[in-house]
Every structure is written in C-alpha cells, then in structure tokens.
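Reader: I have a structure to go through and I'm new to this. Can we take it piece by piece?

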Amino acid sequence: MAYFRPPGPAPDPALVRSLTQQQHELHQRLRAEPLAQPPRLIAGCDSSFPTPDTILSVFVVLQYPSLELMEKVYSYGPVPLPYIPGLLSFREAPNVVQAFAKLVNKPDVIMVDGHGVAHPRRMGIAAHLGVLLDMPTFGVAKNKLTGTFAEPGPTRGDHSPLTDTRTGELLGQVLRSKDRVLPLFISAGHRCDLPTATALTLGCLRGYKLPEPTRLADHWAEEFKQEVR
C-alpha cells in the first residue's frame, strides 16, 4: 500500500477512540488457520492515493500456480477519513471492498500489499480486509511496521522470524525474495496462517522482488491512474 501522510491538525479524539474500539472488535473475529485446500485462484490487492483526497484500489486475479492473469478491476473514490497512525485500514478498506465486489472471478485467497498481524494492534489492512470479506488473506509488505528481526541470508528464499520486541510473539517472516535485495515482510491475515502465507509468497515469485499478485496489482494501479486523471 502507498500511504499519503498529509500534514494537518490532530485527529478528533472521539473518532480515534471509536475506530480503536472497532479495530479491537474486528480483531476478536480474526482466525489464523491453513487453507482447506490449495488455491486455484489467488488475488493481489493494492491501494494508492493519487491525490490527498482520493484513493485507487486494484485487484488482480491469477490462476495458481501458473500465475496467468485472469482479471483486473479497480475502484476509485474519495478518502473517507483523515490520516490516523495505526488506523490506516479504515481509510482504505471501504474502497478496497468496492473493488472486490467488481470481481467476476472470486479468488480463494488474497495477497495484500501491506501488513496482516504484523501491526502494533495486530490488525493491518490484510487482517482488516479478511475479516470484512470473511476471506483468506495475508500481507506482503515492503517495510517493517513493528517488531524486530535478524537480517535473513542474502539468497532468494532465505528468511528469519519477525517477532514482537517485548514479548517475543511471532508476527511474521522476513523473506529474501530475490538475491541481494531488501527483504519482504510476510504476515498472516484472516483464515490463512503464516506457513501458508510464506509458501504462497514463494510460489508466486517470478524473478522480481515482489510476488506476482502484488507486483501486477501495483503495475495496473499505474495504468488505471491514467484513466481517472
């Protein structure tokens, strides 16, 4: 996810309390479990902010394991909330859900450009979206949001655990997706456990740093931006 962080006044404390409570309630519904069967279709999801007031959310659907592109859709609209640290999912999720509703080919699992449980409140956009849709989801992020890790080895496939700095709780895997490039941060979302998320990420690598579902979602986001300008 590409986040726009505009300057401005502090958010309304009442709004922050309300959203934090909603986030807690969503977290209570979160489940980490292996997929019932190997996926046939995997989706990639990415959101960006073409302007401070608008959001563009993209889904691509690929066959798995061939990764043939089956479908691509987007939703473009106004941003419903101001930027609030730790609560960005509420800024993105409504438009992402609208994009998902346009899909003809419903995926078996969704790879989200962002974090799942590797979030200070264990409720990043991948987890948030999974609960809203009641779909298997997991996060693949380019940057760490929380936790600590030892640098994985330099070779594609090398990985190390991402853990909570204070408690040692396992939050995700730090994965070297290409030789000698910065690693990715993999975390479970909803109805998808960490081993499954890691295996699917590895299964979607085709020589680039990013796995194909999120790489293609990012690619088509750039194409779709031309349509909405």
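Author: What follows is a short chat about the helices, the sheet and a few single residues.

Reader: Fine. What kind of model is it, and what are the ground rules?

Author: This is a predicted model, where local features need pLDDT of at least 70, side-chain atom pairs count only at pLDDT 80 or more, and totals for chains, interfaces and linings use all residues. Residues are numbered from 1 along each chain as its sequence is written, and side-chain values use heavy atoms, with hydrogens and water left out.

Reader: And how are helices and strands picked?

Author: They are DSSP runs, numbered from the N terminus: helices are H or I with at least four residues, strands are E with at least two.

Reader: Start with helix 1. How many residues does it have, and how far does it reach?

Author: Helix 1 covers residues 13-28, which is 16 residues. From first C-alpha to last it reaches 23 Å, close to the expected 22 Å. The expected span is 1.5 Å times one less than the number of residues.

Reader: Which of its residues are buried?

Author: Leu19, Gln23 and Leu26. Buried means under 20% relative accessible area, exposed over 50%, and partly exposed in between, with a 1.4 Å probe and protein chains only.

Reader: Where do they sit around the helix?

Author: Looking down the axis of helix 1, its buried residues fall within an arc of 60°, so they line one face. The arc is taken from the directions from the helix axis to the C-beta atoms. The face turned away from that buried side carries exposed Arg17 and Gln28.

Reader: What covers the buried ones?

Author: The cover includes helix 2 (88-101) and helix 3 (125-133).

Reader: What happens at the start of helix 1?

Author: There, a side-chain oxygen of aspartate 12 comes to within 3.1 Å of the backbone nitrogen of alanine 14. That is a polar contact: a pair of N or O atoms within 3.5 Å; within protein, one must be able to donate a hydrogen and the other to accept it, and residues adjacent in sequence count only if both atoms are side-chain atoms.

Reader: Now helix 3. How many of its residues are buried?

Author: Eight of its nine residues. Among them are Ile125, His128 and Leu133. Their cover includes helix 1, strand 1, strand 2, helix 2, strand 4 and strand 5. Aspartate 134 follows helix 3, with a positive phi near 50°.

Reader: On to the sheet. What is the strand order?

Author: The sheet is open, with eight strands in the order 3-2-1-4-5-8-7-6 and mixed pairing. Two strands pair if DSSP finds at least two bridges between them.

Reader: Which strands stand at the edges?

Author: Strand 3 (69-78) and strand 6 (159-163). Each has a single partner strand, so one side of each is left without a neighbour in the sheet. The twist averages 25° from one strand to the next.

Reader: How do strand 1 and strand 2 pair?

Author: They are antiparallel, over nine bridges. Glycine 44 has valine 60 in strand 2 as its bridge partner.

Reader: And which way do strand 6 and strand 7 run?

Author: They run antiparallel, joined by five bridges. Proline 161 is bridged to glutamine 173 in strand 7. Six residues lie between the two strands of this hairpin, where glycine 168 takes a positive phi near 80°.

Reader: How many bridges join strand 7 to strand 8?

Author: Three, and those strands run antiparallel too. Valine 174 stands opposite phenylalanine 185 in strand 8. Strand 7 is mostly covered, with five of its six residues buried.

Reader: Why does histidine 115 count as buried?

Author: Because its relative accessibility is 8%. Its side chain reaches the backbone oxygen of asparagine 143 at 2.8 Å. Leaving aside neighbours within four places in sequence, the contacts of histidine 115 include Ile125, Ala141 and Phe185. Contact means heavy atoms within 4.5 Å.

Reader: Last one. Where does leucine 30 lie?

Author: Leucine 30 lies in the loop between helix 1 and strand 1. Leucine 30 and histidine 190 are 160 residues apart along the chain, yet their C-alpha atoms are separated by 5.6 Å.

Note on methods: Axes are lines fitted to C-alpha atoms, for helices over the stretch in contact, and angles run from 0 to 180 degrees between N-to-C directions.
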